[in-house]
Amino acid sequence: MESTLDIFVKSIFSENMIFAYFLGMCSYLAVSKTVKTAVGLGAAVIFVLTVTVPVNYLLENYILKAGALDWLGPEYAEMDLSFLSFIMFIAVVASIVQLVEMLVEKFAPSLYGALGIFLPLIAVNCSILGGALFMQERQYSTILDATSFAFGSGIGWFIAIVAIAAIREKVRYSHVPAPLKGLGITFIITGLMGMGFMSFMGIKYGKEVKKADKVATAPTSKPTIQITHINKDQK
Amino acid sequence: MSEVEKKSKAPGEPLFSKKNKKLITDPLTDSNPVTIQVLGICSALAITVQVSQGIVMGLSVVFVTIMGNLVISALRNMIPSKIRIIVQLVVVAALVIIVDQVLAAFLPDLSSKLSVFVGLIITNCIIMGRLEAFAMANKPWPSVLDGLGNGLGYAGLLVLVAIFRELFGSGSLMGYPLLGSPIPIDGHPLGTGLYALGYMNNNMFVLPPMALIIVGVIIWVQRSRNKSLQETH
């Protein structure tokens with residue numbers, strides 16, 4: 001399996017929420033007119049993703065997954081509630097957003113001033129539910145992996161929205177053809193940024209690096225050592 | 001369902017009056033949910049690599065917008081405004097579960113290709129946007145038409161983007177190879193059809209960024225034809 005750090009780096013760069021999966025595009029396009037608001041929304045997304053994905057992970061593994069209800073007793077071991085996952089995930093996301101909003105308002109009024117208006121928007125941001133659904137599909141083995149995936153995706157989203165907001169602030173002074181102004185040029189710039197981010201796909205992660213090393217060193221090493229390598233792989 | 005429609009119809013107004021027709025045709029062009037209202041891009045672009053995926057996704061969204069608008073519009077006087085978002089989410093999530101289960105049962109291949117994007121219809125901004133902006137304030141029958149119009153506007157754009165991406169990216173439409181086959185056979189070292197002349201697929205079109213650029217170009221064409229849609233800055 002991949003290490004926790006691999007998952008973290010991968011979800012920021014090569015599996016970026018915006019550039020690889022287009023999740024959260026609506027708020028990405030609507031709230032990216034100035035850098036200041038973009039930073040606020042980006043921070044709120046990091047925060048909510050890091051809170052909701054671990055909660056949904058527990059929900060998935062102890063209630064929804066086939067056989068997850070085993071802890072209640074053997075007669076529940078056959079239950080498969082995974083068809084309920086959409087409705088449970090969205091309910092968790094909506095209620096946590098609501099809860100976080102109330103807590104932040106009560107205990108950190110200054111943070112509420114910065115994030116407050118963005119929190120209700122986030123309940124219907126695709127990247128939050130997308131994070132939960134990717135977590136379900138990829139079946140992370142520990143809650144730590146799921147959390148690092150969520151935190152990394154949040155940071156990736158943050159980088160994307162702050163970058164496009166900075167570019168849009170400058171593009172306003174350029175001579176863009178009239179029909180492309182506003183939305184059109186934003187789409188095209190996002191596409192170009194996506195191509196830039198695709199270069200991160202070349203990053204090699206833990207296991208792949210070891211494999212590549214083995215292939216590179218194999219011809220120089222003695223045959224007997226090669227056999228031990230193969231045996232290790234088979235194990 | 002027809003009973004509900006008949007009851008809700010304003011007395012004397014024909015079922016497809018001019019105003020009602022406008023509800024369907026407007027979202028197809030001048031108030032297209034994707035290119036003009038900027039809603040629902042989230043799940044739109046990732047699944048436009050093949051036309052068949054685009055069609056299935058588009059039809060799923062049409063179903064959810066129509067039924068969601070109908071249900072919310074019928075309940076609109078009973079929903080307290082403070083918890084309306086949660087009520088809307090629950091109704092939409094229930095509809096999406098139906099779509100997901102039907103797809104998984106009858107089209108298992110496509111269902112696994114669409115993966116999480118069927119679930120993401122729940123947070124598709126078109127659906128929440130239309131529920132908030134239209135269904136909460138209108139009677140069921142106009143809401144159904146509005147749902148149909150916006151769903152079709154979305155589906156139409158998906159299919160349009162998918163046609164470009166599949167034709168240029170893999171040289172086929174709906175899975176049928178239109179430009180010949182790129183696989184070399186006896187006597188044709190480069191393949192058959194256009195490929196024999198040295199044509200090659202543009203793999204860029206299969207990658208995610210190209211979807212964004214295609215939508216950008218579609219917006220460009222649409223706004224240069226209709227100047228009133230242009231933005232000022």
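Helices (H or I, at least four residues) and strands (E, at least two) are DSSP runs, numbered from the N terminus. Just after helix 8 of chain B, Gly171(B) takes a positive phi of about 65°. This is a predicted model, in which local features need pLDDT of at least 70, side-chain atom pairs count only at pLDDT 80 or more, and totals for chains, interfaces and linings use all residues. Residues are numbered from 1 along each chain as its sequence is written, while chains are lettered from A and ligands numbered from 1 in the order in which they are written.

**Chain B overall**

- Chain B has nine helices and two strands.
- Along the sequence, its pattern reads α-α-α-α-α-α-α-α-β-β-α.
- Of the 233 residues of chain B, 43% count as buried. A residue is buried if 20 or more other C-beta atoms lie within 10 Å of its own, exposed if 12 or fewer, and partly exposed in between, with C-beta atoms placed from the backbone.
- Among contacts in chain B between residues at least 6 apart in sequence, 73% join residues at least 24 apart. Two residues are in contact if their C-beta atoms, placed from the backbone, lie within 7 Å.

**Helix 8 of chain B**

- Helix 8 of chain B covers residues 140–170, 31 residues in all.
- From first C-alpha to last it reaches 43 Å, close to the 45 Å expected at 1.5 Å a residue. The expected span is 1.5 Å times one less than the number of residues.
- Helix 8 of chain B is largely enclosed by the rest of the structure, because 22 of its 31 residues are buried.

**Helix 4 against helix 4**

- The axes of helix 4 (residues 85–107) of chain A and helix 4 of chain B come within 9 Å and cross at roughly 160°. Axes are lines fitted to C-alpha atoms, for helices over the stretch in contact, and angles run from 0 to 180 degrees between N-to-C directions.
- The two helices are therefore roughly antiparallel. Angles under 35 degrees count as roughly parallel, over 145 as roughly antiparallel, 65 to 115 as roughly perpendicular and the rest as oblique.
- Phe86(A), Ile87(A), Ile90(A) and Ala94(A) meet residues of helix 4 of chain B, including Ile85(B), Leu89(B) and Ile97(B).

**Helix 3 against helix 7 in chain B**

- The axes of helix 3 (residues 51–75) and helix 7 of chain B come within 10 Å and cross at roughly 30°.
- These two helices are therefore roughly parallel to each other.

**Positive phi in chain A**

- Phe22(A), in the loop between helix 1 (4–12) and helix 2 (25–30) of chain A, has a phi near 60°. It counts as buried, with 28 C-beta neighbours inside 10 Å.
- Gln139(A) has a positive phi of about 55°, and counts as exposed, with 11 C-beta neighbours inside 10 Å.
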